[in-house]
Amino acid sequence: MPASRGIRATPLHPLHAIFLAFALALFSSGLASDVAYLKSAAIQWTNFSAWLIAGGCLFGGLALAWAIVAAVFPGRATRGRALAYLAAVAVMWIAGLVNSFQHSQDAWASVGTVGLVLSIISTLAALIAAVVGYSEQRAEGITR
Amino acid sequence: MNRRWLLLAAAAAALQACGRSEPGLDQTGSGKPPLPEQQHTLLPPMKIATPAGWNGAMPTAPKGFTVTALATDLKIPRQLLVLPNGDILVAEGAGGATAPKMRPKDIIAGYIKAKGKTKVKGGNRVTLLRDADGDGRAELKTTLIEGLNAPYGLAFVDGQLYVANQDALLRFPYQPGQTRITEKGVEVTKLPSRINHHWTKSLTASADGTKLYVGIGSNSNVGERGLDVEEERAVVWEIDRLTGARRTIAHGIRNPTALAIEPRTNALWAVVNERDELGPQLVPDYLTAVRDGAFYGWPYSYWGQNVDPRVRPQKPEMVAKAVVPDYALGSHVAALGVSFARDGGFGGAFAEGAFVGEHGSWNRQDLSGYKVVWVPFANGRPSGKPVDFVIGFLDGDHARGRPVGVAFDPAKRILLVADDLSNTVWRVAPAR
C-alpha cells in the first residue's frame with residue numbers, strides 16, 4: 001500500500017484494530033464494575049465483571065493471535081515495535097485469563113484485591129497496546 | 001487422549017496444585033473435626049466420577065448381609081418412604097432447572113457436574129414398589145402419583161400422604177394398599193422456590209404426627225447470588241399438619257437434605273451439606289439434632305465461629321450466635337439421606353444408630369462419600385465413628401451408583417437405598 005511521505009494512518013488492520021478496541025473497552029468496563037462491586041458488595045457488579053472480562057479474553061485472544069503472527073512476520077514493520085505491541089497484548093490477555101478464574105470464585109472472593117489488581121493490569125496493558133497499535137507511524141508501521 | 005486435552009489437563013492440574021487433600025485427615029465423628037486452612041485456588045479442586053455400569057457387580061454390605069436390586073429403571077429416585085403395610089414409595093425427579101445462569105462459571109460448572117449424573121430425565125412422580133413375597137425384588141412397580149414438580153421429601157401420617165415438591169408441600173388422602181392416586185394434591189403450604197439453587201425439599205413428620213418438618217436449602221454456595229434471595233433459605237420449617245401454619249425453627253443450616261426423628265428421644269435430626277470451594281477438606285458435611293431457634297452459621301461462618309471471608313457485609317454478631325453441629329461426616333461427602341434404625345435395628349453393632357446415604361464429592365481430587373455409612377448411637381446421641389455399611393459404588397475413578405435417600409424398615413428388618421445414578425433401589429437384608 002502506498003504511504004504518503006512514509007506515514008501510514010492505520011497501522012493495524014481494521015479487523016485487528018476492532019478486536020483490540022473490544023478488549024480495551026471490555027477490560028476497562030470490567031475494572032469499573034469491579035470497583036463498583038468492592039464499593040457496594042452488590043453481587044450484580046461482579047456478575048457484570050465476569051462477563052466483561054470473559055468477553056475481553058475472547059477479543060483479546062483474537063488480537064493476541066494476530067499480534068503473534070505479526071511479530072513473527074513483521075513485514076515492513078520494525079520488529080522491536082511489533083514485539084512491544086505483542087508484549088502489551090500478551091500481558092493484557094494473560095492477566096485477563098487468570099482474572100476470569102478469579103472471578104469464578106464466589107461472592108467477595110470473585111474480586112477482592114487480586115481481582116482488582118488483575119483488572120488494573122489488563123486495563124493498563126490494553127491502553128498501552130492501543131497507544132502503540134493505533135499511533136501513526138513511519139513507513140515501517142508495525143504490521144499490516 | 002489428544003495433545004490439546006493433555007495440555008488442558010496439565011493446566012488444570014497446575015491451577016489446582018495447592019488443592020490437594022491431606023491423606024489420613026479424619027474429619028468424622030463427634031467433637032470438633034480438624035479444619036485445615038482455607039484455600040482459595042483459582043480453580044477449585046474438582047474430580048467428577050463419570051458413570052460406569054454395574055455390569056453384574058453389586059454394592060457390598062457387611063458380612064452377614066445380602067444386597068439385591070429391589071427395583072431398576074427408575075427415573076432419578078431420590079427419597080424413600082416405607083408405608084405401614086410394607087409398600088415402598090420412591091420420589092423421582094430433578095429440579096432447580098429454573099436457577100438462572102448468572103456467570104460464565106455457572107454454565108461451565110453445570111456442564112462439568114452433569115458428567116457425573118444420569119442422562120435419564122427425572123420422573124416427576126412417586127412410584128410404589130411392593131415386595132410381598134420378600135424375595136428382594138419388587139414384583140409390583142407402579143406409578144402412584146404423576147405430574148409432580150421435582151418431588152423429594154415424603155411422609156405418611158394418619159391416612160394422608162405428604163409430598164414435598166420443589167415449590168409446595170402437597171397432601172393426598174391415601175389408604176395403604178392403594179396403588180394409584182389420580183386426584184390432585186391439596187396444597188398444605190407453598191415452599192420457597194425462587195431460583196431454587198438447592199431445590200430439594202426434605203420432609204419428615206414429628207413422632208406424634210402433629211407437625212411436619214421441611215428442610216429448605218440455601219439459594220447459593222455462599223451468597224454469590226446476593227443475600228436478598230436467601231430469605232427463608234437454609235432453614236428448617238415446622239408446619240402444623242392440620243392448619244398449615246409454619247414457623248422457622250432453625251436458620252443458617254445450609255442445605256438440610258434429609259430429616260429424620262431419632263426414635264429414643266423423638267428429636268429431629270438432619271444431614272446437612274456444607275459449603276464448597278474453600279479447599280478439598282473444608283467444610284465437613286454434618287449430622288445434627290436440629291435445635292429449636294438455633295443458627296448454624298451459614299453463610300457467615302462454619303462449624304461454629306470459623307468466619308467465611310467470602311460473605312460481605314460480614315456479620316460478627318451472627319457469627320457469635322452460630323452453634324456447632326453435633327457430628328461431622330467428612331468434607332464434600334454430600335450426605336443426602338438419613339434413616340434411624342428402630343426397634344432393635346439389625347441387632348448387634350447395628351442396633352441403635354443412623355444410616356446416612358452419601359452421594360459423593362466433586363470438590364476434591366480424592367473421591368469421598370459414594371457409600372452408605374452407619375453412625376452408631378447410644379442414648380439418642382452419636383457414640384462412635386461412622387462405619388461403612390454399603391460400599392462398592394465406585395469403580396476406580398468411575399461411579400456405578402450414587403446413594404441418595406435411605407430407609408430402614410423395622411418390620412422387615414431391611415435397609416433400602418435409592419441410587420440416582422444407576423436409577424435403582426437397593427435392598428440390604430440380613431442373609432437368611
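Predicted model: local features only at pLDDT ≥ 70, side-chain atom pairs only at ≥ 80, totals over all residues.

I looked up the secondary structure of chain B and found 3 helices and 32 strands. I then turned to its radius of gyration, which is 20 Å and close to the 22 Å that the globule rule gives for 432 residues, so I wrote down chain B as being as compact as a globular protein of that length. For the extent along the principal axes, I noted that the C-alpha trace of chain B spans about 55 × 50 × 40 Å. Burial came next, and 49% of the 432 residues of chain B count as buried.

How many residues of chain B are in contact with chain A? I found 20 residues of chain B in contact with 15 residues of chain A. Sorted by class, the side of chain B that touches chain A comes to 9 nonpolar, 4 polar and 7 charged residues.

I looked at helix 2 (residues 43-72) of chain A against helix 1 of chain A, and their axes come within 7 Å and cross at roughly 155°. Because of that angle, I recorded helix 1 of chain A as roughly antiparallel to helix 2 of chain A. The crossing of these two helices of chain A is left-handed, and the residues of their contact divide into 16 nonpolar, 10 polar and 1 charged.

In chain A, the axes of helix 1 (residues 14-40) and helix 4 (residues 112-134) come within 9 Å, with a crossing of roughly 150°. The cut-off for roughly antiparallel is an angle over 145 degrees, and helix 1 of chain A and helix 4 of chain A are therefore roughly antiparallel to each other. I noted the handedness of this crossing as left-handed. Listing the residues that meet, I found A:Leu20, A:Phe27 and A:Asp34 among those on helix 1 of chain A, and A:Leu116, A:Ile120 and A:Tyr134 among those on helix 4 of chain A. By class, this contact of helix 1 with helix 4 of chain A has 14 nonpolar, 7 polar and 1 charged residues.

How values were computed. Residues numbered from 1 in each chain as written. Chains lettered and ligands numbered in written order. Contact = placed C-beta atoms within 7 Å. Nonpolar A, V, L, I, M, F, W, Y, C, P; charged D, E, K, R; others polar. Axes fitted to C-alpha atoms, helices over the stretch in contact; angles between N-to-C directions. Helix = DSSP H or I, 4+ residues; strand = E, 2+ residues; numbered from the N terminus. Parallel < 35°, antiparallel > 145°, perpendicular 65-115°, else oblique. Left-handed = near helix turned anticlockwise from the far one by under 90°. Rg over C-alpha atoms; globule rule 2.2 N^0.38 Å. Buried ≥ 20, exposed ≤ 12 C-beta atoms within 10 Å, placed from the backbone.
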